[in-house]
There are 2 protein chains.
Amino acid sequence: MKRDAQATRQRIFDAATAEFAQYGIAGARIDRIAAAAGSNKAMIYTYFGSKDELFDAVGLEQLNRHMNDVPMDANHLPDYAAKVVEHYCQHPEIMRLVTWARLERGPDAGKLTGLLDAYQRKVEAVAQAQKEGKVSDRFPAATLLELILCLIQTNAEPSAEFGDQDEFQRRQQAVKDAVALLVQV
Amino acid sequence: MKRDAQATRQRIFDAATAEFAQYGIAGARIDRIAAAAGSNKAMIYTYFGSKDELFDAVGLEQLNRHMNDVPMDANHLPDYAAKVVEHYCQHPEIMRLVTWARLERGPDAGKLTGLLDAYQRKVEAVAQAQKEGKVSDRFPAATLLELILCLIQTNAEPSAEFGDQDEFQRRQQAVKDAVALLVQV
């Protein structure tokens, strides 16, 4: 009985990830999620609460997964950037969910995109690499990390999934080279 | 009579810009646009066709306006970047419309975000500056312009409008300095 509940919850979760990534919060339809999960609307509201709460659950889980999927080595930031671009391109739903959150939630999206502890640890790792002279200190650590994420995210955005393999490699290399310029001592 | 029609069309256009920037295509409601414009749904469909066609009209007009608002000087790309960041921050509706188009249209958004002639002229101006040795040629002109736009756009995104003035200046300076590194000969 308990295992069934867990399996149902997971099917709802997966269907909701696909639905929100495609349509966003306003565009998502709970009845479409229910149909795709072989469940029903009442069950979804019981497990997750409102549509907004379901979106938060999906978004937080996906961001947490992503944060752990690509560990950061502050001494090799160009390589890190290249790996993250690849990871995002393989999982376009991550960037789409983050972008919907920003547009549809505005300031509230902090709850989703913050994950402040994990992010703060990355900033500290960059600061440490700067202190050891392995990364330029022309930018404060937090600013440098922001600039790198700008280059990564825009090049791994939804439109990128439609490019061919050569186009992907060209973008990935450009990001890597640009990050190398920013961190060069 | 004709002047009235022109004024009505403009009110619908302005109301639609605000509505689409806030809610996107799926989330926008034609009856809200009609109410804000002091018009009615039938009038909107008569002037603009479908909701999608109204979105295209609004998006194209806003992008065209923006393209002409900040002229690019390829010999001073860091200054250009700083000016565009400021322009986007003052007009957050532009980045929101572009982002909605990318999420809700996917490949079709090219129709909106392309504006290929204007963009191609910018690429050619960068290539010319490279030829004259005023801009580094470590990246092809098109790639360099893409990287610069990545830095500009992510730092002028919706979340930026919620920062205070110091935060804005810090971001703007970071973009300017990063672009300087990319173009440095």
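1. A residue is called buried here if 20 or more other C-beta atoms lie within 10 Å of its own, exposed if 12 or fewer do, and partly exposed in between, with the C-beta atoms placed from the backbone. By that criterion 11 of the 14 residues of α6(A) are buried, so this helix is largely enclosed by the rest of the structure. The buried residues of α6(A) are A:Ile94, A:Met95, A:Arg96, A:Leu97, A:Val98, A:Thr99, A:Trp100, A:Ala101, A:Leu103, A:Glu104 and A:Arg105.

2. The model is a predicted one, in which local features need a pLDDT of at least 70 and side-chain atom pairs count only at pLDDT 80 or more, whereas totals for chains, interfaces and linings use all residues. Residues are numbered from 1 along each chain as its sequence is written, and chains are lettered from A and ligands numbered from 1 in the order in which they are written.

3. On confidence, pLDDT is the predictor's own score for each residue, from 0 to 100. Chain A averages 86 on this score, and 89% of its residues reach at least 70. Among the elements of chain A, helix α7 (residues 110–113) has the lowest mean pLDDT, 56, while helix α2 (residues 30–37) has the highest, 96. For the complex, the predictor gives an ipTM of 0.84 and a pTM of 0.85.

4. As to secondary structure, helices (H or I, at least four residues) and strands (E, at least two) are DSSP runs, numbered from the N terminus. Chain A has 10 helices and zero strands, and 38% of its 185 residues count as buried. Two residues are taken to be in contact if their C-beta atoms, placed from the backbone, lie within 7 Å. Among the contacts in chain A between residues at least 6 apart in sequence, 67% join residues at least 24 apart.

5. Chain A is divided into domain 1 (1–49) and domain 2 (51–183), with bounds that come from an automatic or database domain assignment. The contact between the two takes 13 residues from domain 1 of chain A and 13 residues from domain 2 of chain A. On the domain 1 side, the elements giving two or more residues are α1 (2–27) and α3 (41–48) of chain A, and α1(A) gives the most, with eight residues. By class, that side of domain 1 has 10 nonpolar, three polar and no charged residues, where Ala, Val, Leu, Ile, Met, Phe, Trp, Tyr, Cys and Pro count as nonpolar, Asp, Glu, Lys and Arg as charged, and the others, Gly among them, as polar.

6. The geometry of two helices can be checked against an expected span, which is 1.5 Å times one less than the number of residues. Helix α6 (residues 92–105) of chain A has 14 residues and reaches 20 Å from its first C-alpha to its last, close to the 20 Å expected; it is followed by A:Gly106, whose phi is positive, near 60°. Helix α5 (residues 77–90) of chain B, also with 14 residues, should span 20 Å, and its end C-alpha atoms are 20 Å apart, which agrees. The buried residues in α5(B) are B:Leu77, B:Tyr80, B:Ala81, B:Ala82, B:Val84, B:Val85 and B:Tyr88.

7. A nonpolar core is a set of buried Ala, Val, Leu, Ile, Met, Phe, Trp, Tyr and Cys residues joined through C-beta atoms within 7 Å. Of the 97 residues in the largest such core, A:Leu151, B:Ala81 and B:Leu151 touch the most other members. Leaving aside neighbours within four places in sequence, A:Leu151 is in contact with A:Ala81, A:Val175, A:Ala178 and A:Val179 in chain A, and with B:Leu147, B:Cys150 and B:Leu151 in chain B.

8. Three individual residues deserve a look. A:Val84, in helix α5 (residues 77–90) of chain A, is buried, with 23 other C-beta atoms within 10 Å, and, leaving aside neighbours within four places in sequence, is in contact with A:Val70 and A:Ile152. B:Ala141, in helix α9 (residues 141–155) of chain B, is buried, with 20 other C-beta atoms within 10 Å, and its C-alpha is 5.8 Å from that of B:Val123, 18 residues apart in sequence.
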